[in-house]
Amino acid sequence: MYVAVKGGERAIENAHAWLAEERRGDPGVAELSLGQIREQLSLAVNRVMAEGSLYDPDLAALAIKQARGDLIEAIFLIRAYRTTLPRFGATEPLDTGEMACDRRISATFKDAPGGQVLGPTFDYTHRLLDFKLAAEGGEPNAPQAEPREAPMPHITGFLQGEGLIQQEADSGAAPRDLTREPLEFPADRPLRLQSLTRGDEGFILGMAYSTQRGYARNHAFVGELRIGTCAVEMEIPELGFAIEIGEVELTECETVNQFTGSKTEPPQFTRGYGLVFGQSERKSIAMALVDRALRWKELGEDDTGAPAQDEEFVLSHSDNIQATGFLEHIKLPHYVDFQSELELVRKLRREAQVSHREAAE
Amino acid sequence: MTKRSETPDSATAARRAWMGLLARAPEGELMALWEKVAGRPAFDWLRPPETGGVMVRGRTGGTGSAFNLGEMTVTRCALALRDGTVGHGYVQGRSRAKAEAAALIDAMMQTEAADDLRRTVLEPLERHMAEARSTRAAKAAATKVDFFTMVRGEDT
């Protein structure tokens with residue numbers, strides 16, 4: 001339990017004043033602008049939007065600045081802000097097939113229509129520190145080629161044509177929303193995907209890696225990974241029709257996994273699915289692997305007891321704000337709790353000493 | 001779940017197009033063009049600008065059931081010109097000024113000012129945005145792996 005402790009007001013005020021000073025750092029160094037964070041630390045901005053569960057690059061940049069670059073603290077700020085917003089409604093489901101792709105690769109089909117488009121990737125860089133970046137100046141210039149006008153077809157569409165991959169059925173139901181109702185088990189796939197996409201990248205990555213190392217191994221290929229922007233459409237009640245209300249950058253990963261078939265389904269490939277705000281490649285691949293591992297029950301696969309198959313374990317521990325809140329609360333004053341523990345240990349020690357003495361006599 | 005509206009008539013299609021353009025437009029570009037528009041009409045608020053969240057949905061496996069991906073910020077407002085024409089603004093982000101401009105343009109596009117406005121605001125905006133999109137697509141195209149060249153090389 002906690003007790004109200006009075007008397008810390010001035011210490012707290014001064015601590016916050018010092019925090020502001022430390023946040024600013026050396027005043028001889030130019031202050032960061034939100035534009036600089038948004039444009040030059042865009043992958044941090046993307047992570048804060050994905051796990052903060054709110055797409056707004058300027059707000060995410062502000063949160064990163066306020067949090068001194070602590071991304072989980074920044075995500076906390078965004079989550080707190082999000083709760084103050086009235087909900088205007090929900091969009092039509094995104095059509096990722098219409099995505100304007102910056103990047104689109106497949107590990108399964110070399111000659112996929114639309115081709116392998118690498119985009120602005122870290123892949124194939126040598127991971128050597130580039131000291132040229134330490135010196136200021138210079139405007140890099142990317143080469144251009146004839147742009148593709150038509151949308152990129154989804155790779156899994158080709159497998160679907162032959163019936164080789166399980167069809168994704170549309171239940172037509174409004175999805176449950178864990179920001180509106182508490183997470184309850186069993187969770188259906190839409191609810192699991194909502195939880196995974198806002199889950200901690202490190203946790204989801206670790207879970208996904210565990211499946212690759214043999215804990216509920218499911219033999220995933222990256223059928224397709226695409227990054228780009230999609231228009232967001234919403235039905236406006238006062239207008240009576242849907243309009244585009246903006247566009248978001250997304251990363252989508254579809255894994256293609258072996259499936260030996262069941263009583264009702266022939267042997268075919270199945271999918272793991274990852275969809276994340278922003279350019280978040282590692283997260284979306286990890287999400288797809290964990291999604292596929294969690295589908296064992298509906299696909300009639302064995303429960304190997306692996307952590308990645310346990311939806312209660314995965315979904316209850318993937319939220320870094322819940323985890324941080326519970327973890328860090330133990331640093332707050334627990335004086336009375338501890339006082340009673342102290343009394344107990346002293347009493348036990350006294351009793352132990354007495355019985356020890358009596359035994360010796 | 002909401003349903004896509006029936007095949008809209010051409011007036012609705014045109015309105016959808018300009019509202020979508022205004023929603024997606026970079027604020028700086030829209031405001032720069034809007035500020036140059038002379039003769040902006042007086043209006044009354046039906047709903048002053050307010051910022052809220054909209055839940056963006058995706059589909060399982062890209063094509064299956066809907067799921068909640070996360071929210072985005074949207075600012076909306078509604079106004080009426082003195083002749084009663086109603087304009088709606090629904091724009092991405094938190095800018096009240098942008099929402100107001102979008103709603104006024106939406107209203108004016110239903111009046112005689114439409115042709116002028118289309119020429120001075122919507123068309124330049126559309127051109128800029130198409131150019132930006134095309135430049136990105138051109139950069140993406142330059143990173144396309146050309147496996148075929150290697151195969152041809154082995155043939156000769």
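## Exercises on a two-chain model

Seven bridges join β2(B) to strand β3 (residues 86-92) of chain B, and the two run antiparallel. This is a predicted model, in which local features need pLDDT of at least 70 and side-chain atom pairs count only at pLDDT 80 or more, while totals for chains, interfaces and linings use all residues. Residues are numbered from 1 along each chain as its sequence is written, chains are lettered from A and ligands numbered from 1 in the order in which they are written, and side-chain values use heavy atoms, leaving out hydrogens and water.

**Exercise 1. Find the strands that pair with β2(B), and say which way they run.**

Step 1: Let's settle the terms. Helices (H or I, at least four residues) and strands (E, at least two) are DSSP runs, numbered from the N terminus. Two strands pair if DSSP finds at least two bridges between them.

Step 2: Look within chain B. Strand β1 (residues 43-59) of chain B is joined to β2(B) by 14 bridges, running antiparallel. One partner pair here is R57(B) with N68(B). On the β3(B) side, A78(B) has H88(B) as its bridge partner.

Step 3: Now cross to chain A. Strand β1 (residues 54-55) of chain A has two bridges to β2(B), and this pair runs parallel. Y55(A) stands opposite M72(B).

Step 4: Check the turns. Six residues lie between the strands in the hairpin of β1(B) and β2(B), where G61(B) takes a positive phi near 65 degrees. The hairpin of β2(B) and β3(B) has four residues between its strands, and G84(B) in the turn has a positive phi of about 95 degrees.

**Exercise 2. Decide how many residues of β2(B) are buried.**

Step 1: Buried means under 20% relative accessible area, exposed over 50%, and partly exposed in between (1.4 Å probe, protein chains only).

Step 2: Count along the strand, residues 66-81: 16 of its 16 residues are buried. C77(B), for example, has a relative accessible area of 0%.

Step 3: Buried residues make up 47% of the 156 residues in chain B, which has five helices and three strands in the order α-α-β-β-β-α-α-α.

**Exercise 3. Describe the surroundings of Q268(A).**

Step 1: Q268(A) sits in the loop between β5 (241-257) and β6 (270-277) of chain A.

Step 2: Ask how covered it is. Its relative accessible area is 10%, so Q268(A) is buried.

Step 3: List its neighbours, where contact means heavy atoms within 4.5 Å. Leaving out residues up to four places away in sequence, Q268(A) touches several residues, among them G163(A), L164(A), N257(A) and F259(A). The C-alpha atoms of Q268(A) and N257(A) are 8.7 Å apart, and the two residues are eleven apart in sequence.

**Exercise 4. Sum up chain A in a few values.**

Step 1: Chain A has twelve helices and six strands.

Step 2: Of its 361 residues, 42% count as buried.

Step 3: Its C-alpha trace spans about 90 × 65 × 55 Å along the principal axes.
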